[in-house]
Amino acid sequence: MNRIYLDYNATTPVDPQVLDAMLPYFSADFANASSIHTPGQRARAAVETAREQVATLIGAKPQEIVFTSGGTESDNHAIFGSVAQALLPVRLSSQQSEPPHIITTTIEHEAVLNACQALERQGVSVTYLPVDREGQIDPEAVRQAMRPETILATVMQANNELGTIQPLEAIGRIAKDHEIYFHTDAVQSAGKIPIDVNALNVDLLSLSGHKLYAPKGIGALFIRSGTRIRQLLYGGHHQRGARPGTENVAGVVGLGKAAEIARNSFSHDAQRVSALRDKLEHGLLERIPQIRVNGSRAPRTPNTANIQFAGIDGEALVIALDLKGLACSVGAACSSGAIEPSHVLTAIGLTQEEAKSSLRFSLGRHTTESEIAFAIDAIPAAVAQLRSLSPTYRKEAASRV
Ligand code: PLP
């Protein structure tokens, strides 16, 4: 069976050029990048080249890039590290003062939400800003949420389920005016839209390799020079102590190469992929009654379509499409298996039922015209079949005629 993969927001395949760049570091060039001998120096040079490549993708300086194990670690490092730094003087002088306050949104990835919730249990105060029906936050709401004890705003750049892009520049200016740190989770935007950390006024930015055609288990955190946050891990002096642990040289090289490819090809990729995404959405809207594209009126990443199919159980549709060879997802990949509807979709005002009837199709570098043509045929047939089996949908459809 021909398999069609429309789940690039869950993960991407490793680009063949990325794999080629990595392979020597598993065999001939296996040395520890902290060793002072020649093989070690070669590994070090490869790590530093990768640091430059990642920095270039986001307009940062190489010394502002810390390699991590992925997006989750980068998010946790930014959030826990900011709070630990803010608490430090208080602990030392054992003064009683208001606990630190963080501003975030209701549609963040669990890597941010669960980190914030863990901190709340330790007494930190967190404001979760609501989003509008398209999944955007109002920068003014960030300004209004500011308190004297606010230390950090963390707002994702693009949402993993909807693709909605947040107005980071405006939020960044507000954060700067209030002299607080501004973190963004750019895991779903890096390589899809241009990123300039200076234009966005961000101090901290998270990246993940496996959303960018590099392998799983490698990521990066941008920490603007002068930003004082505590490290998450304690150990050796790797990466100047910011993130101890022997560097994953092959992974780091892969992330660097992936960043370089993304930078050189993303404007072409973005145009091609958004044309295919639009074709998919229009094709489905023409062929299937009672569907709606979630978040379509906000600026979105070029590759993401989140579609609500009235009267359908999303999981049943994912399985029906899988049987036809098409891979897509319901809610976020990390939460599939859980029965709860997506927190992102309920945050944009969908009912539990509407959220559960929504599917995410995320396209990528290898998506072709013929795959989209197949999807435009396969999805309406699967929807019609599932709806014909649903007594509630049939009854509602009959009452509409
Ligand atoms: N942030 C966002 C927006 C994501 O989509 C994901 C993964 O789905 C993560 C963070 C976590 O990244 P990682 O899988 O590299 O830990």
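The legends below describe close-up views of a predicted model. Local features are described where pLDDT is at least 70, side-chain atom pairs count only at pLDDT 80 or more, and totals for chains, interfaces and linings use all residues. Residues are numbered from 1 along each chain as its sequence is written, and side-chain values use heavy atoms, with hydrogens and water left out.

**View 1. The shell of residues around the ligand.**
The ligand is surrounded by 13 residues, where a residue counts as near if one of its heavy atoms lies within 4 Å of the molecule. The closest of these are Gly 71, Thr 72, Asp 185, Ser 208 and Lys 211. Sorted by class, the shell holds 2 nonpolar, 8 polar and 3 charged residues; here Ala, Val, Leu, Ile, Met, Phe, Trp, Tyr, Cys and Pro count as nonpolar, Asp, Glu, Lys and Arg as charged, and the others, Gly among them, as polar. Helix α3 (residues 71–93) gives the most to this shell, with 3 residues; helices (H or I, at least four residues) and strands (E, at least two) are DSSP runs, numbered from the N terminus.

**View 2. Side-chain atoms facing oxygen atoms of the ligand.**
A polar side-chain atom of Ser 208 lies 2.6 Å from a ligand oxygen atom, and a polar side-chain atom of Gln 188 lies 2.9 Å from an oxygen atom of the ligand. For Lys 211, an N or O atom in the side chain is 2.6 Å from an oxygen atom of the ligand. Taken alone the ligand exposes 390 Å², of which the protein buries 88%, with accessible areas from the Shrake-Rupley method and a 1.4 Å probe.

In strand β7 (residues 204–208), 5 of the 5 residues are buried, that is, under 20% relative accessible area, whereas exposed means over 50% and partly exposed in between (1.4 Å probe, protein chains only). In a regular strand the side chains alternate between the two faces of the sheet. In β7, Leu 204, Ser 206 and Ser 208 lie on one side and Leu 205 and Leu 207 on the other, and all are buried. Strand β6 (residues 181–185) runs parallel to β7 and is joined to it by 3 bridges, two strands being paired if DSSP finds at least two bridges between them; His 183 stands opposite Leu 204 in β7. Strand β8 (residues 219–223) runs antiparallel to β7, with 5 bridges between them, and Gly 219 in β8 is the bridge partner of Ser 208.

**View 3. Strand β2 beside strand β8.**
Strands β2 and β8 run antiparallel and are joined by 4 bridges, with Phe 67 opposite Ala 220 in β8. From strand β2 (residues 65–68), Ile 65 and Phe 67 point one way and Val 66 and Thr 68 the other way, and all are buried.

The model has a count of 21 salt bridges, each a side-chain nitrogen of Lys or Arg within 4 Å of a carboxyl oxygen of Asp or Glu. Glu 281 forms a salt bridge with Arg 277, the closest N and O atoms being 4.0 Å apart; both residues lie in helix α8, 4 residues apart, or about one turn of the helix, and both Glu 281 and Arg 277 are buried. The side chain of Glu 281 also meets that of Arg 300 in a salt bridge of 2.8 Å, N to O. This pair links distant parts of the chain, 19 residues apart, with Arg 300 in the loop between β9 (291–293) and β10 (304–309) and Glu 281 in helix α8. Arg 300 and Glu 281 are both buried.

Glu 369 and Lys 279 form a salt bridge in which the closest N and O atoms are 2.6 Å apart. The pair links distant parts of the chain, 90 residues apart, with Glu 369 in helix α12 (residues 369–388) and Lys 279 in helix α8. Glu 369 is partly exposed, with a relative accessible area of 47%, and Lys 279 is partly exposed at 39%.

**View 4. Surroundings of Glu 260.**
Glu 260 is found in helix α8 (residues 249–287) and counts as partly exposed because its relative accessibility is 29%. The side chains of Glu 260 and Gln 53 are joined by a polar contact of 3.3 Å, meaning a pair of N or O atoms within 3.5 Å; within protein, one must be able to donate a hydrogen and the other to accept it, and residues adjacent in sequence count only if both atoms are side-chain atoms. The C-alpha atoms of Glu 260 and Thr 56 are separated by 7.9 Å, although these residues are 204 residues apart along the chain.
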